[in-house]
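This report goes through the strands, sheets, core and chain contacts of one structure. The sequence and the model are shown first.

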There are 2 protein chains.
Amino acid sequence: MGKNCIVAQSGGPTAAINASLAGVISAVNKSNNYDKIYGSLHGIQGVLRDEFLDLSDATDDFIERLAATPAMYLGSCRYKLPDYREDESAYKNIFEIFDKYNVGAFFYIGGNDSMDTVAKLSEYAASVNSGIRIAGIPKTIDNDLLVTDHTPGFASAAKYVASSIREVAYDTYIYDLQSVTIIEVMGRDAGWLTGASMLARNEFSFAPHLIYLPEVAFDSGQFISDVQKCIDKFKNVIVAVSEGIHDADGNYIAAGVASEDKFGHAQLSGAGKALEYLVKEKIGVKVRSIEINVLQRAAGHMASKTDLEEAMSLGAKAVEFTELGETGFMTVIKRISDVPYEYTIEYSPVKDIANKAKPVPVEWINDLHNDVTGEFERYIKPLVEGEVDVFYKDGIVDYLPVGHLVKLNN
Amino acid sequence: MGKNCIVAQSGGPTAAINASLAGVISAVNKSNNYDKIYGSLHGIQGVLRDEFLDLSDATDDFIERLAATPAMYLGSCRYKLPDYREDESAYKNIFEIFDKYNVGAFFYIGGNDSMDTVAKLSEYAASVNSGIRIAGIPKTIDNDLLVTDHTPGFASAAKYVASSIREVAYDTYIYDLQSVTIIEVMGRDAGWLTGASMLARNEFSFAPHLIYLPEVAFDSGQFISDVQKCIDKFKNVIVAVSEGIHDADGNYIAAGVASEDKFGHAQLSGAGKALEYLVKEKIGVKVRSIEINVLQRAAGHMASKTDLEEAMSLGAKAVEFTELGETGFMTVIKRISDVPYEYTIEYSPVKDIANKAKPVPVEWINDLHNDVTGEFERYIKPLVEGEVDVFYKDGIVDYLPVGHLVKLNN
């Protein structure tokens, strides 16, 4: 009998993270080197608690439905391992469990915090001469991981955000009066998803007319001037802003509008709401703000086919690379060409990726700081291509039940 | 040559109002009685301004794409005609334009305000012995029109709201901690759309665990007690609330949290935000509020096939009824049975419908006032059935360009 594998998920949900899980399960079940595949519930915490689902008997139908189910089948955690040189206890627990289950490889699907866990576990494994392979598989709608061309989950969120903005634009065009609609998009420190809103444009609709990213300073005076110009030209103006826009001193625009609730607590309005107030004050036309909120990371019904296929491959390739003896890596997408879109999947040392972030290059933001450039467009365009089959039951979008709930309810 | 027709749209956008327009165009173009069909831009204002699109040459492909395009192809207005006995001037202008275009019938697609226009125009037509037929075609996501079983646009919004809530529920299930998510749904005076959120439930997910409609008084103390019980039982709790919930004295809950922006203006938070603050104060678990906002009425990508088919039929039948000599009516859906779902399309005097509203029957709300009943479920279930083909271009949802922009840009 070969060794077994454990897979877990961590960080915030996306529409693609279960596709990577599906890729891992599928590859292990086809592998001649590995035997069983266990899913750890709630990230690395499931290992510490000895809480697993045996996924070895997953059918093709299960894997297909899993890949198209958003959020996290195994549940998530926000858990940071200490430095093992200062506190070894958690590591000892984890590797005891690894031994108990005869584990040959551990796969962690997540963002840069999760890659910190991968880096620390692989470093500890080396220090105790463990042969267990530790591999990371990227995901985050923020698209802010280093080395990889982009991250699974990002393109599906981009497809949803751009499609929703196009629909909202249609909604604003119906009235014969001036209006401003501000749409707040996720991504506190990186503007990738906000920039992706440019995909909403076509020859008939120029929305979003203005795009503001957190990589450059936001100037309220310039913003009002930008909006006024667009009102004069387009009448109905759509603005996409990152939740994390801030002024030249680093103060979040969201925090600029501090308000008190009826209990006297200070409440922070979002960036979109803050700009809504500003437009109302300075320009006075009809104005509305929309926070797309978690809908943008949960919308499995509008996943990018390209995204889900890449996510599956990143999971499956991680298994293969461990079979070749690799450890302490994250699988990465290397782009070969934009048109036709071609890429390969490689691996890269996780220590160079963990705890770091990749912002939108400033050269991909226009000089006026109110739009993205053609380079951004060339980068994003191929990633949102393709649609996946959407399952409906009784007229409502239908997904695989959440695995950890099924288990815990049994 | 036969007489010509004019069609216009009014009120707020929905995913189905262009399907009714498609139904009117299609029926007129097939009619032996009518010749041309003109689309009035921005509702009745387009008649007053003599601004029309000639839709007589619409191809089958155009009509198919039009039916699947959300918002309003012809644009909208918020225009209320005066009583013609007090001020006849607008009526004279309108009927002069009707004569200029040799109009035999005028079709107005809209909600109860728009039906006021239909009622007044038909009353005026009778008073001047005009033979021009005036017909109303219903639409509103609020589903609050009298006589008709339901209104086009409602079921598509319901399908989107329930599907989005199911996705948000998955998003909340990932963490192993207690949380409350409050989702604010449109419908200030009628809770139909909020009640429809119950369709998000299945055997694996009970979200939304609590539903609050504006038809009954909202009690904050009872709400906190309801939420606490659900946290104890389900850990992750989803609450659906109408934007218009109010206390026993009629005070909106949304207005309960008055806050000031940095310019000292009082700002009203929505009902969802108000309840978010209340849960934070009284219970203290992780809490988030989500306002689905205009996305719920603009999401053509998740239209109900049943809804769009009914909307088309209501438009086409309106043309037929005028050919039979009827005027001053609105087409209505009469339900024959729930299972299998069967209905017919009839017509009803518009004066009995205009300016009135149909709330959710109080018997369809449970005794605890925190859920809807099985009657509500039987009513809503068939309406969201079926999906329509969604067009994508370059990976983004694609629709017919907005007609009045195409015209005005030319």
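How many residues lie between β12(B) and β13(B) in the hairpin that they form? There are 4 residues between these two strands. The model is a predicted one. One residue of the pairing is Lys334(B), whose bridge partner in β13(B) is Thr344(B).

**The seven-stranded sheet of chain A**

In chain A, 7 strands make up an open sheet with mixed pairing, in the order β3-β2-β1-β4-β5-β12-β13. The edges are taken by β3 (52–54) and β13 (342–349) of chain A; each has a single partner strand, so one side of each is left without a neighbour in the sheet. From one strand to the next, the twist averages 30 degrees. Inside this order, β1(A) and β2(A) run parallel and are joined by 4 bridges. Lys3(A) has Tyr34(A) as its bridge partner in β2(A).

Helix α5 of chain A, residues 112–127, lies across β4 (103–110), β5 (133–138) and β12 (329–337) of chain A. Its direction is at about 165 degrees to β5(A).

**The four-stranded sheet of chain A**

A further open sheet of chain A has 4 strands in the order β7-β8-β6-β11, and here the pairing is parallel. β7 (210–212) and β11 of chain A are the edge strands; each has a single partner strand, so one side of each is left without a neighbour in the sheet. Neighbouring strands are turned against each other by 15 degrees on average, direction ignored. β6(A) and β8(A) pair over 7 bridges in the parallel sense, and the bridge partner of Ile183(A) in β8(A) is Ala240(A). Helix α9(A) packs on this sheet and touches β6, β8 and β11 of chain A, with its direction at about 175 degrees to that of β11(A).

| Strand pair | Direction | Bridges |
|---|---|---|
| β1(A), residues 3–9, and β2(A), residues 34–40 | parallel | 4 bridges |
| β6(A), residues 179–185, and β8(A), residues 236–242 | parallel | 7 bridges |

**The nonpolar core**

The largest nonpolar core has 282 residues. Val24, Phe107 and Ala158 of chain A, and Val24, Phe107 and Ala158 of chain B, touch the most other members. Helix α6 of chain B, residues 154–173, supplies the largest share of this core, with 12 residues. Leaving aside neighbours within four places in sequence, Phe107(A) is in contact with Cys5(A), Val7(A), Val24(A), Ala135(A), Ile137(A) and Ala318(A).

**The two chains together**

Chain A is superposed on chain B by a rotation of 180 degrees with 0.0 Å of shift along its axis, at an RMSD of 0.0 Å. The two copies are therefore related as by a two-fold rotation axis. The same surface serves both copies, as 100% of the contact residues of chain A recur in chain B.

Contacts between the chains involve 60 residues of chain A and 60 residues of chain B. Elements of chain A that each supply at least two residues to its side of the contact include α6 (154–172), α9 (271–282) and β11 (286–291). The most comes from α6(A), with 9 residues. By type, the residues on the side of chain A that touches chain B are 31 nonpolar, 14 polar and 15 charged.

Terms used: Residues are numbered from 1 along each chain as its sequence is written. Chains are lettered from A and ligands numbered from 1 in the order in which they are written. This is a predicted model: local features need pLDDT of at least 70, side-chain atom pairs count only at pLDDT 80 or more; totals for chains, interfaces and linings use all residues. Two strands pair if DSSP finds at least two bridges between them. Copies are superposed by least squares on the C-alpha atoms of residues with pLDDT of at least 70 in both. Two residues are in contact if their C-beta atoms, placed from the backbone, lie within 7 Å. Ala, Val, Leu, Ile, Met, Phe, Trp, Tyr, Cys and Pro count as nonpolar, Asp, Glu, Lys and Arg as charged, and the others, Gly among them, as polar. A nonpolar core is a set of buried Ala, Val, Leu, Ile, Met, Phe, Trp, Tyr and Cys residues joined through C-beta atoms within 7 Å. A residue is buried if 20 or more other C-beta atoms lie within 10 Å of its own, exposed if 12 or fewer, and partly exposed in between; C-beta atoms are placed from the backbone. Axes are lines fitted to C-alpha atoms, for helices over the stretch in contact, and angles run from 0 to 180 degrees between N-to-C directions.
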